[in-house]
Amino acid sequence: SQLSKDIYKLLIEIGTIADSQGVKIYLIGGIVRDFILNRANEDIDLVIEGDGIAFANLLSERLGGQVKSHEKFGTATWKTTENVKIDIVTCRTEYYDAPAALPNVRASNIREDLRRRDFTINAMALQINKSHFGTLLDFFQGQDDIEQKNIRILHTLSFIEDPTRIIRAVRFALRFHYQLTEQTFTLAIDAVAMLKQVSAKRLLREFELLVKEGSIIEAIKMLDEIGVWTTLLGHSPTEEEIIKVNAILNEIQDPFFLFLTFAYHQKDWKRKVKFFALTARQNQIIQQLEILDEHQKEQLTTIGSIHQQFYNYTEETIFIYTVLTKNEMLHTYLAKRKNVKALLSGRDLIDRGIKPGPVFSNILHQLTCLQLDDQIKTKGEAITWLETNFK
Ligand code: ATP
C-alpha cells in the first residue's frame with residue numbers, strides 16, 4: 001500500500017522474470033526500513049544472487065528502457081520507459097585490505113551482502129520472487145532495533161572498516177529520533193581517529209547528506225560527543241561558532257562551511273581548511289577571506305569606502321566574512337549593495353559627451369559609492385554630480 005500501483009506491478013514483473021532465470025532477487029536497504037516505518041520511499045535498490053548487470057540487460061530487453069552499467073562494481077541502473085530508476089547489484093561481500101580503505105568486493109549470497117551494510121535497520125531485505133513475494137529477511141534484528149529506536153552497527157569492526165559510518169549513524173539517529181546503542185556509541189568513539197584516514201571527498205559526501213538532513217545544530221553536538229571535530233580540526237566548536245555556521249548553512253547548504261567556520265579563528269586555519277576545499281570556488285573563498293582579514297586592519301569608516309575595497313568580492317564571500325567576524329558595518333554594506341540600483345547608464349554618459357572607455361566604469365563605480373553613502377539618491381542628483389565633476 002505504500003507503493004504506487006505501477007511500481008508494485010513492476011516489482012511483480014521483475015520477480016517473475018527473476019523466477020524465469022532461477023535467481024533470487026530482493027528489495028534492499030532504505031526502502032525496506034521505510035516500509036516498516038510507514039514512510040514514503042520509492043528509491044528502489046535491488047540485489048540479486050546472480051549477475052546484476054546481465055539481469056538489468058534482460059529487464060531492458062523484456063520491458064524496454066535503458067541500462068547503465070558499472071562493470072567494476074557489478075552494478076547497473078535500469079531506467080524504465082516510465083523513467084523510473086532502479087539500481088540492481090550483485091550480492092556481494094566486501095573485504096578490506098586496510099582500515100578506512102575502499103573495500104574489495106566479490107560476489108556472494110544475500111546474507112553476506114546484508115552483513116556488509118551499515119546498521120541493522122538498513123540491513124533487511126524483502127524478496128520479490130513471485131513465490132516468496134514480500135518475505136522479509138532480517139538476519140540482524142533490524143525490526144527489533146526499529147521498535148527500540150536503535151542505531152546499531154552489525155559487527156565490532158564496522159566503524160574501523162568505514163569510519164564515514166560514524167557520520168551516517170548521527171544522520172539516521174537524528175532523522176528518526178533514535179539513539180546509538182551503548183556499544184555502537186563506544187565503538188564510534190574508539191574508531192573516530194580513523195576519520196583522519198578518509199579522503200576529503202568521501203568525508204564531504206557524507207557531511208553533505210548530513211547538512212541536507214536538517215537539525216544541523218544537534219548533529220554538530222552529537223558529532224562532538226563522539227570526538228569528530230577534535231579529530232578533524234583539533235578542537236570542539238564553541239557555541240558561538242555553532243550559531244555562526246547555522247546562519248551560513250541556512251543560506252548556503254555546503255558542508256565545507258562547517259570546517260571553515262570551526263577552523264577560522266584558529267592560528268593556522270588556512271592550512272586546516274584547505275584540506276576540505278575541493279572546488280575552485282571554495283579555494284577562492286579562502287583566498288578572499290585572507291585578503292579581507294588584511295583589510296580589516298584598515299580604517300573603513302563609510303559604506304562607500306567599504307565598497308571601494310570590496311566591490312569585486314562576491315556577495316557570498318562578504319556574507320560569510322560578515323557572519324564569521326560579526327562585522328556590523330559589512331552587514332549593512334551587503335544589504336545596501338544588494339539593493340543599490342544604477343542611476344545612470346552608458347547612454348547618459350555618452351549623451352553628456354563622455355567618450356566610452358575605462359572611464360565609464362570608473363564614473364559608475366564612484367557613483368555607486370556615493371549612492372551607498374546616501375550622498376546621491378536620485379537620477380537628477382546623479383546628473384548634476386556628473387556634469388559638475390566630468391565636464
Ligand atoms: P536514505 O533514506 O538516506 O536514502 P538509504 O538507507 O537508502 O537512506 P543510501 O545512502 O541510499 O541510504 O544507501 C543504501 C543502502 O546502502 C543503505 O541502506 C545501506 O544498507 C547501504 N550503505 C550505504 N552506505 C553504506 C556504508 N557506508 N556502509 C555500509 N553500508 C552502506
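**Domains.** I started with the domain assignment of this predicted model. The chain is given domain 1 (1–141), domain 2 (280–339) and domain 3 (346–389). I then took the centres of domain 1 and domain 2 over their C-alpha atoms and found 50 Å between them.

**Nonpolar cores.** Next I looked for the largest nonpolar core, which has 99 residues. Which residues have the most contacts inside it? My list reads Ile14, Phe55, Phe207, Leu258, Leu260 and Leu289. Helix α7 (residues 164–176) gives this core its largest share, 8 residues. I also checked the domains here: domain 1 (1–141) and domain 2 (280–339) each supply at least three residues to this core.

Setting aside residues up to four places away in sequence, I found Leu258 touching Phe207, Val211, Ile220, Trp229, Val245 and Leu249. Apart from this core there is another one, of 13 residues, and Leu344, Ile354, Leu367 and Leu386 are among them.

**The ligand.** Which residues come nearest to the ligand? Of the 13 around it, I noted Arg33, Asn122, Asp162, Arg165 and Arg175. Then I went through some arginine side chains one by one:

- Arg33 has a polar side-chain atom 3.0 Å from an oxygen atom of the ligand.
- For Arg171, I read 3.2 Å between a side-chain N or O atom and a ligand oxygen.
- For Arg175, the distance from a side-chain N or O atom to an oxygen of the ligand is 2.6 Å.

How much of the ligand does the protein cover? On its own the ligand has 590 Å² of accessible area, and the protein covers 75% of that.

**Leu372.** I found Leu372 in helix α20 (residues 358–372). Is Leu372 buried or exposed? Its relative accessible area is 2%, and buried means under 20%, so I wrote Leu372 down as buried. Leaving out neighbours within four places in sequence, I listed its contacts as Ile303, Gly304, His307, Tyr333, Lys336, Arg337 and Val340.

**Thr184.** Thr184 sits in helix α8 (residues 182–191). I noted 0% relative accessibility for Thr184, so this residue counts as buried too. Which residues are in contact with Thr184, once neighbours within four places in sequence are left aside? I found Ile151, Arg152, Ile153 and Phe159.

**Positive phi angles.** My last stop was the backbone. Asn38 has a phi near 60 degrees, which is positive, and it is not a glycine. I placed Asn38 in the loop between α2 (30–37) and β2 (44–48). Its relative accessibility is 60%, and exposed means over 50%, so Asn38 counts as exposed.

Ser215 is another non-glycine residue with a positive phi, about 45 degrees. Where does Ser215 lie? I found it in the loop between α9 (200–212) and α10 (216–226). With a relative accessible area of 35%, Ser215 went into my notes as partly exposed.

Definitions and conventions. Residues numbered from 1 in each chain as written. Predicted model: local features only at pLDDT ≥ 70, side-chain atom pairs only at ≥ 80, totals over all residues. Heavy atoms only, no water. Core = buried A, V, L, I, M, F, W, Y, C linked by side-chain atoms within 4.5 Å. Buried < 20%, exposed > 50% of the residue type's maximum accessible area, 1.4 Å probe, protein only. Helix = DSSP H or I, 4+ residues; strand = E, 2+ residues; numbered from the N terminus. Domains from an automatic or database assignment. Contact = heavy atoms within 4.5 Å. Near = heavy atom within 4 Å. Polar contact = N/O pair within 3.5 Å; in protein donor to acceptor, adjacent residues only side chain to side chain. Areas by Shrake-Rupley, 256 points an atom, 1.4 Å probe, with all protein chains shown as cover.
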